[in-house]
Amino acid sequence: MVVRTRRQRILQAMGLYAAAAALIAYFGFHAYHGERGIHAKQQFIAQIDDLGGQLATLRKEKAEVARRVALLRAEAIDPDMLDERAREILNFVDPRDLVLILGRP
């Protein structure tokens, strides 16, 4: 015959509740702070927004470079673009140009 005292039953029930609360706290903590938790998801969303902005900037830059390259194609060279590139590469100035020399900060 098994005889339990009232104190043993209360301690056993409190121990089970404490163990259940500890498990809930453990899994709750990792659901928020874990590798794939809520906090990590928020960080990923912020990173996606940041990279989306960078992507938009790079697409604009790529479109500008593609436009400038199209002006330098052999089929139809834009004379102004050719003149600009030649002056920049050869470091020459037309005698009719006004040259402003700016001091370096």
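Is Phe 27 buried or exposed? Phe 27 counts as exposed, at 55% relative accessibility (buried means under 20% relative accessible area, exposed over 50%, partly exposed in between, with a 1.4 Å probe and protein chains only). The model is predicted, with local features needing pLDDT of at least 70 and side-chain atom pairs counting only at pLDDT 80 or more, while totals for chains, interfaces and linings use all residues. Residues are numbered from 1 along each chain as its sequence is written, and side-chain values use heavy atoms, with hydrogens and water left out.

Phe 27 belongs to helix H1 (residues 6-33); helices (H or I, at least four residues) are DSSP runs numbered from the N terminus. Together with Leu 23 and Tyr 26, Phe 27 forms a nonpolar surface patch of about 360 Å² of accessible area. Such patches consist of residues with over 30% relative accessible area and no salt bridge, nonpolar side chains (Val, Leu, Ile, Met, Phe, Trp, Tyr) being joined within 5 Å; areas come from the Shrake-Rupley method with a 1.4 Å probe. A search of the whole structure gives 1 aromatic pair. In this pair, the ring centres of Tyr 26 and Phe 27 are 5.2 Å apart and the planes stand at 75°, so the arrangement is edge-to-face (centres within 6.5 Å; planes under 30 degrees apart are stacked, over 60 edge-to-face, the rest tilted). Tyr 26 is partly exposed, at 48% relative accessible area.

Helix H3 (residues 79-90) contains 12 residues and spans 16 Å from its first C-alpha to its last, close to the expected 16 Å at 1.5 Å a residue; the expected span is 1.5 Å times one less than the number of residues. Asn 91 follows H3, and its phi, near 60°, is positive in a residue other than glycine. At 66% relative accessibility, Asn 91 counts as exposed.

The count of salt bridges comes to 7, a salt bridge being a side-chain nitrogen of Lys or Arg within 4 Å of a carboxyl oxygen of Asp or Glu. Arg 87 pairs with Asp 83, the closest N and O atoms lying 3.2 Å apart. Both residues are in helix H3, 4 residues apart, about one turn of the helix. Arg 87 also forms a salt bridge with Asp 97, with closest N and O atoms 2.1 Å apart. Asp 97 lies in the segment after H3 and Arg 87 in helix H3, so this pair ties together parts that are 10 residues apart in sequence. A further salt bridge joins Arg 96 and Asp 94 at 3.0 Å, N to O. Through shared partners, salt bridges join Asp 83, Arg 87, Asp 94, Arg 96 and Asp 97 into one network.

Note on methods. Patch = residues over 30% accessible without salt bridge, like charges linked within 9 Å, V, L, I, M, F, W, Y side chains within 5 Å. Helix = DSSP H or I, 4+ residues; strand = E, 2+ residues; numbered from the N terminus. Phe/Tyr/Trp six-rings, centres within 6.5 Å; stacked < 30°, edge-to-face > 60°.
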